[in-house]
Amino acid sequence: MSNKDKNEWGSNLSFLLAMIGSAVGLGNIWRYPYVLYANGGGAFYIPYIVAILLMGVPFLILEYGVGYNYKSSFAKALTKINSRCEYLGWFLPVAVFMILIYYSTILGWDGIYVILSFFKGWGSNPDLYFSTTLLQSSDSMTGFLTFIPLIAIAMLVGWLIVWYISHKDLEAGLGRVSKLLVPLLFIIMIIIVVFSLTLPGASIGLAELFSPDWSLLGDFKIWMAAFGQIIFSLSLGMSIAFTYASYAKKDTDLVTNTISIAFANCLFENFAALGVFSILGYMSLQSGNAVSELVTQGTGLVFVAYPTVFNVLGDWAYILGPLFFFTVYLAGLTSILSTIEPLSFSIQNKFAMSRHKTMTILCIIGACISMIYATAFGANFLGVVDTFINQIAILIGVVAECIVFAWIFNAEKLIKFLNYRSKSLKLNKWWLVIVKYILPIFVSIIWIGGMVDVINNGAADQLILTFVVAAILLVTTLIFTILPPKSDEWYKTDDRI
């Protein structure tokens with residue numbers, strides 16, 4: 001079997017489920033319910049649907065189309081489009097690899113909670129346990145000097161799983177695992193949500209969630225929140241969709257797959273929101289506090305709010321708790337597996353390395369770097385890196401991809417090819433207008449908002465760390481760009497469309 005064959009999906013189902021697994025992640029469970037609640041409840045669905053149709057689906061189609069055309073890594077394809085674009089070709093895979101490194105931390109935290117959930121090991125005060133006992137959280141950068149072995153071990157277990165799956169040939173590893181984990185993820189989430197809907201007070205939470213505040217539709221922020229959510233949720237501009245499409249077989253219906261992936265992702269996060277707010281309604285009934293005082297996002301929801309519920313849920317908690325944290329682990333794992341692919345494939349292409357060797361080296365390097373998060377300042381540093389990557393670096397990538405793919409590559413030549421294989425939506429000139437003009441403008445506005453937010457709200461030490469992270473990203477990207485290729489095929493990619 002050739003190296004090319006090893007980097008190809010065994011079937012369209014493998015491609016579809018792997019991409020759904022990439023899209024369905026921690027953000028669907030802990031970020032989206034809060035975004036929906038905080039941005040007008042039911043009214044949020046209007047900008048949300050507009051964002052899916054105007055940005056999510058059109059941009060994914062663009063990434064899939066160009067990725068399939070070159071059947072190569074992101075860095076190699078951009079070098080082929082224009083040699084001056086090679087820096088961007090490495091910038092995004094490196095940025096996504098940085099996401100993988102801190103994502104492994106959250107995966108490690110959740111792995112610990114999978115074990116704790118069998119006996120409610122977080123005690124009577126989940127907030128205190130999470131921030132003080134487990135994370136030993138420190139607001140000072142001297143916290144980098146306090147190493148937390150338990151978190152490190154949990155993270156290393158996650159890295160071993162990622163390596164074991166990723167270092168195998170594509171179909172034998174990622175393809176086979178996606179066929180198992182993605183359906184299992186949906187099944188367990190259905191069980192959790194159905195159970196949550198039966199809890200006393202569930203209707204209180206759902207009423208809070210879906211009560212529409214139509215006045216917010218005139219607020220520019222709700223529209224930016226919707227577009228930001230779709231970028232975050234569908235992993236737009238991260239070179240993941242591009243890389244996965246480059247592994248696709250020649251008869252793949254990319255347009256129909258795009259619609260299926262967007263639908264599955266949106267279905268999962270909205271279904272998860274039902275469970276989250278049903279549980280928050282139950283908490284409200286039991287505690288006497290309003291839902292607005294309980295709702296939170298991020299780690300606070302997963303590692304504080306849910307354990308609080310399980311503490312008062314009785315014997316059912318010993319079933320629902322492990323199920324929930326195992327679901328979060330699966331969601332994190334299916335996403336984290338996708339974030340190593342863009343950089344790995346680019347390295348394989350430029351430096352003529354095998355998939356096995358590349359994945360092994362990247363996992364070792366990533367695991368070593370990730371130990372910085374297994375410190376008392378790790379959680380705070382994670383927040384800094386996450387904000388920079390998602391609000392600044394990735395948004396730059398989305399805008400740049402639109403320009404390179406839609407203008408320099410010329411997206412118009414994709415239309416005939418994509419329409420020929422599409423059994424559903426047919427593309428027309430409006431798609432070109434969206435990817436050439438509307439998308440770059442909207443995402444640029446979001447990027448400016450993200451920059452302003454980082455500058456205005458970041459403390460001095462946070463801004464310093466942000467500049468350090470930015471410097472690491474830029475220098476690492478430069479190194480990969482200037483290193484001479486060891487593969488004779490690096491400059492020989494041919495257009496297929």
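Reply: Leu 465, Thr 466, Val 469, Ala 470, Leu 473, Thr 477, Phe 480 and Thr 481 are the buried residues of helix 23. The model is a predicted one. An α-helix has 3.6 residues a turn, so residues three or four places apart point the same way.

Next, the length. Helix 23 covers residues 460-482, which is 23 residues. At 1.5 Å a residue it should span 33 Å, and its end C-alpha atoms are 33 Å apart, so the two values agree.

What covers the buried residues of helix 23? Among the covering elements are helix 7, helix 18 and helix 20. Helix 18 runs over 341-351, and helix 20 over 378-408.

Lys 350 forms a salt bridge with Glu 86, with the closest N and O atoms 2.7 Å apart. Lys 350 lies in helix 18 and Glu 86 in helix 7, so the bridge joins parts that are 264 residues apart in sequence. Both Lys 350 and Glu 86 are buried.

Helix 18 has another link. The side chains of Glu 341 and Arg 355 meet in a salt bridge, at 2.6 Å from N to O. Glu 341 belongs to helix 18 and Arg 355 to helix 19 (residues 355-370), so this pair ties together parts 14 residues apart in sequence. Glu 341 has 1% relative accessibility, so it counts as buried. Arg 355, at 3%, counts as buried too. The structure holds six salt bridges.

Now helix 7 and its rings. The structure has 40 aromatic pairs. One of them joins Tyr 113 and Phe 325: the ring centres are 5.4 Å apart and the planes meet at 40°, so the pair is tilted. Tyr 113 sits in helix 7 (residues 86-116) and Phe 325 in helix 17 (residues 317-339), 212 residues apart. Tyr 113 has 0% relative accessibility and therefore counts as buried. Phe 325 also has 0%, so Phe 325 is buried.

Tyr 113 and Phe 325 belong to a cluster linked by ring pairs.

Note on methods:
Residues are numbered from 1 along each chain as its sequence is written. This is a predicted model: local features need pLDDT of at least 70, side-chain atom pairs count only at pLDDT 80 or more; totals for chains, interfaces and linings use all residues. Side-chain values use heavy atoms; hydrogens and water are left out. Rings of Phe, Tyr and Trp (its six-membered ring) pair if their centres lie within 6.5 Å; planes under 30 degrees apart count as stacked, over 60 as edge-to-face and the rest as tilted. Helices (H or I, at least four residues) and strands (E, at least two) are DSSP runs, numbered from the N terminus. Buried means under 20% relative accessible area, exposed over 50%, partly exposed in between (1.4 Å probe, protein chains only). The expected span of a helix is 1.5 Å times one less than its number of residues. Contact means heavy atoms within 4.5 Å. A salt bridge is a side-chain nitrogen of Lys or Arg within 4 Å of a carboxyl oxygen of Asp or Glu.
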